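Please keep the model open while reading.

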Amino acid sequence: MPPTNYYGSGLEQGYWGLMIVTYPFISGLVAGSFVVATLSQLFGRKRLAPIAPMAAIVSFALLLAAPLTIWGDSRQPSRVYELITRMHVPYSPMALFLLIWISYVILMLVELYAVFRAGNAARAEWAGQPLRAKLARLLTLGVRGRDAGSVRRDERIVRWTAGIGILIAFLFHGYIGFIFGSMKSRALWSSPLIPVLFIISAIVSGIALIQLVYFAVAKWYGWRIDKAIVAELNIWLVGALLLDLYLDMVELLMSGVRSYAPEETYEWFNRLYFHGPLLWTYFLFQLGLGVVLPLVALATKRWRASIVNSGVMAFLVLMGVYMMRWNVVAGGQMASKVTNDIVSFPLVWTGYDSVQTVVGVFGVAVLLFLALTWLLPWKNGLQGSSSSTSPVAPGLDDVGVSGVSLNTPAGTASTMADAQWPADQPGGNP
Amino acid sequence: MSVAGIGVGVSRRSFLGVLAGVAAAVGTAVSFLGSTAAAAIKPVARPSAAQMKRLLAYYRTKPRWASWLVPELNADDGWQRWMRTILNSKNLPIAHDNFSRIGTTIKQTHHWVMVMDERRCIGCQACVVACKDENNVPVGVYRTWVDVVETGGMVPDPAGPIVTDVGTYRSEVKRSSMPLICNHCDHPPCVDVCPVKATFKRADGIVMIDYDLCIGCGYCVEACPYNARFFNPVQQTADKCTFCAHRLDRGLLPACVTSCPTHARVFGDKNDPTSEVSTLLATLPTTVLKEDLGTDPQVFYINREQEVYDENSTGNTVYPYTANLNSNEYATLSGNAPLPGDTGGQR
């Protein structure tokens with residue numbers, strides 16, 4: 001189906017539509033939520049340890065859903081195998097996609113294995129749930145030790161995978177920025193700032209998403225939200241937002257000021273963002289509501305600990321980052337390559353490359369997330385974070401960094417499996 | 001696979017494309033096989049009647065939208081010796097990247113270029129129609145088109161015909177017709193960025209797409225600075241001008257050139273010093289589009305600035321750019337026309 005209303009008019013048109021707007025957004029969420037997971041796994045922010053497994057699951061679910069966007073955008077999706085058989089490396093950055101994606105998936109599988117191995121080993125002894133116990137036994141790959149030594153080995157694997165993974169996450173998102181930034185045919189894309197801007201806004205969106213997902217699951221299971229985690233996430237969010245704002249300002253100055261920018265860049269920036277169709281999405285939604293307002297609203301310690309405030313701001317930040325992707329992808333194509341006027345970029349609601357397909361991709365991501373939450377024991381740390389009364393088993397308290405913190409009541413080590421996972425079973429929630 | 005001939009390349013090449021990927025993995029084994037088998041198989045210039053029958057049957061079951069079937073080149077270029085060339089794609093006279101190889105390590109026989117003589121274009125759009133007819137270009141998309149370019153603006157004039165609240169004006173504009181086409185750049189960014197090597201540059205300069213390999217990602221369409229590529233809405237792949245490669249390989253001119261009533265489009269071999277394009281390029285100042293991007297376009301424009309051009313009076317002639325005029329090259333072509341700015345005697 002023709003992607004735009006102007007198809008057939010012979011006029012220049014946008015070729016990359018809403019799916020390509022969504023692709024950098026989703027892959028940014030992948031990279032960003034991975035970064036949140038590594039904050040505790042690699043950088044020692046132990047307060048964030050309880051949400052690290054959840055962040056890893058979110059990252060993995062989105063990682064599996066991300067290729068759907070470009071696959072759906074491709075006009076010949078049945079020829080996707082050519083990306084392997086006829087890979088044009090290193091000349092085409094797009095050819096790197098499958099290479100990077102597959103290595104990322106493998107790395108995430110290793111990391112998820114290590115993060116959840118101890119939990120799965122405990123789950124394997126469930127009596128009431130034979131299927132899930134069997135699955136958990138499968139997921140441990142036969143290594144079911146839960147002593148401090150094996151947990152520490154898991155932690156070491158997680159640290160390594162997090163270290164390599166953060167590079168691959170940046171590569172995964174950076175190459176998308178590079179696709180845009182390296183395109184000399186588009187005045188507004190051709191900028192070395194774009195890959196960096198993409199990565200920073202990816203981190204921003206990842207932190208905001210994890211914040212929202214944390215609120216959602218806590219609400220769903222009726223847990224008490226740990227304000228220390230919220231405040232810590234907000235600190236990182238503010239830091240990333242400041243970097244983002246800095247880069248946005250650099251971009252604004254380097255493209256929007258006549259004396260500083262090449263003529264073509266300035267003219268299109270001026271026509272699209274200052275006076276054109278992207279005025280509101282750029283200044284209001286991307287910069288105002290997406291960056292400046294959250295920075296103000298998260299300025300004080302008290303505001304950062306407020307759950308409602310954090311939730312609203314996280315949502316605004318996500319919206320702002322999506323608008324940033326829209327402004328880059330749509331804005332770059334609205335600047336005509338050969339004619340004098342702005343290229344129409346209509347929003348399509350149904351069919352090929354439309355709002356409908358974007359909703360579908362996010363639906364797939366949510367389903368994958370739900371499936372993974374069913375499959376993996378991710379709640380332990382989170383539940384533990386709200387129950388301050390339960391003491392921690394000796395020898396296990398210091399391994400919480402990797403998200404395998406086993407908050408077992410002392411003295412019940414022999415019945416750890418029963419004592420530890422009561423609420424993890426369906427219907428067992430308070 | 002035993003059918004050897006010019007026409008069968010499509011199915012075979014898409015299949016062999018996969019095979020080439022495997023060959024890359026298998027490496028030396030396949031190239032050894034290729035080199036030994038090449039001695040046994042003789043190059044076949046034309047398909048036999050039986051092969052042609054099978055070929056036509058194939059295309060009847062798998063109709064193609066584009067009128068040309070296979071990129072056919074001269075047998076001398078090595079296309080027909082497919083055991084040597086297609087199994088070992090390094091021997092093909094094409095480049096997917098690193099285009100400076102063309103003319104050095106990749107043998108270049110011709111170098112097709114087009115010269116748009118804007119002194120002569122009347123904007124009749126006959127070339128557009130001819131192209132659509134020849135190449136079966138679907139409704140709404142164009143491989144070549146003629147833009148109407150207007151430069152200038154309104155100037156205040158008390159006697160002017162345009163009366164507004166803020167003054168009276170007359171229009172001081174110049175209109176010109178500007179034929180546009182794929183520039184078949186010597187360093188085409190569209191070919192570099194293709195993730196699956198579906199588009200390529202032939203050694204004779206033509207940038208083409210293999211429609212059976214294109215995955216339709218749109219990267220090349222975005223990467224072309226001249227908007228010369230588009231999505232073909234029927235075959236759902238990227239599509240573009242081929243300089244009518246199917247006609248060229250049979251010794252005909254591109255359809256747009258043939259149809260031009262005023263000879264505004266001139267086509268020829270830049271490597272041939274006696275060709276009309278060589279003469280034009282050597283004697284007249286030409287411009288290319290978006291020269292600053294460094295794509296090195298091979299479609300040249302004469303009189304792009306639409307200055308009044310009078311052959312008898314060099315005084316009125318304005319040469320907007322002379323960067324493309326290489327007087328040394330001109331001298332090697334032993335030209336004897338007066339060079340622009342040549343006041344006589346000194347060169």
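How many bridges join S3(B) to S5(B)? The count is 12, and the two strands run antiparallel.

## Basis

This is a predicted model, in which local features need pLDDT of at least 70 and side-chain atom pairs count only at pLDDT 80 or more, while totals for chains, interfaces and linings use all residues. Residues are numbered from 1 along each chain as its sequence is written, chains are lettered from A and ligands numbered from 1 in the order in which they are written, and side-chain values use heavy atoms, with hydrogens and water left out.

## Strands of chain B

Strands (E, at least two residues) and helices (H or I, at least four) are DSSP runs, numbered from the N terminus. Two strands pair if DSSP finds at least two bridges between them. In the pairing of S3(B) with S5(B), B:Val146 has B:Pro179 of S5(B) as its bridge partner. S5(B) also pairs with strand S4 (residues 162-164) of chain B, antiparallel, over three bridges. There, B:Ile162 has B:Tyr169 of S5(B) as its bridge partner. S4(B) and S5(B) form a hairpin, with two residues between them.

Strand S12 (residues 299-302) of chain B is covered on both faces. B:Val299 and B:Tyr301 lie on one side, B:Phe300 and B:Ile302 on the other, and all are buried. Buried means under 20% relative accessible area, exposed over 50%, and partly exposed in between (1.4 Å probe, protein chains only). Strand S2 (residues 112-117) of chain B pairs with S12(B) in the parallel sense over four bridges. Strand S11 (residues 286-287) of chain B pairs with S12(B) in the antiparallel sense over two bridges. B:Ile302 of S12(B) has B:Asp117 opposite, and B:Thr286 also stands opposite B:Ile302.

## Aromatic contacts

The structure holds 27 aromatic pairs over all chains. Rings of Phe, Tyr and Trp (its six-membered ring) pair if their centres lie within 6.5 Å; planes under 30 degrees apart count as stacked, over 60 as edge-to-face and the rest as tilted. A:Phe25 and A:Tyr322 make an edge-to-face pair, 4.9 Å centre to centre with 85° between the planes. A:Phe25 lies in helix H1 (residues 18-41) of chain A and A:Tyr322 in helix H12 (residues 307-334) of chain A, so the pair ties together parts 297 residues apart in sequence. Both A:Phe25 and A:Tyr322 are buried. A:Trp326 and A:Phe345 are also edge-to-face, at 5.3 Å and 80°. A:Trp326 and A:Phe345 are both buried.

Ring pairs also link a cluster that includes A:Tyr23, A:Phe34 and A:Trp101. Two charges sit over rings. A:Arg186 lies over the face of A:Trp189, 5.7 Å from the ring centre. B:Lys132 lies over B:Tyr142, at 4.4 Å. The test is NZ of Lys or CZ of Arg within 6 Å of the ring centre and within 35 degrees of the ring normal.

## Largest pocket

The largest pocket holds about 1300 Å³ of space. A pocket is an open set of points on a 1 Å grid over the protein atoms alone, where a 1.4 Å probe fits, with protein on both sides within 12 Å along at least five of seven lines; lining residues have an atom within 4 Å of a point. The volume is the space filled by probe spheres set on the points.

The lining has 38 residues, and A:Lys337, A:Val338, A:Thr339, B:Met178 and B:Lys290 lie nearest the centre. Helix H9 (263-274) of chain A, with strands S3 (145-156) and S5 (167-180) of chain B, each give two or more residues.
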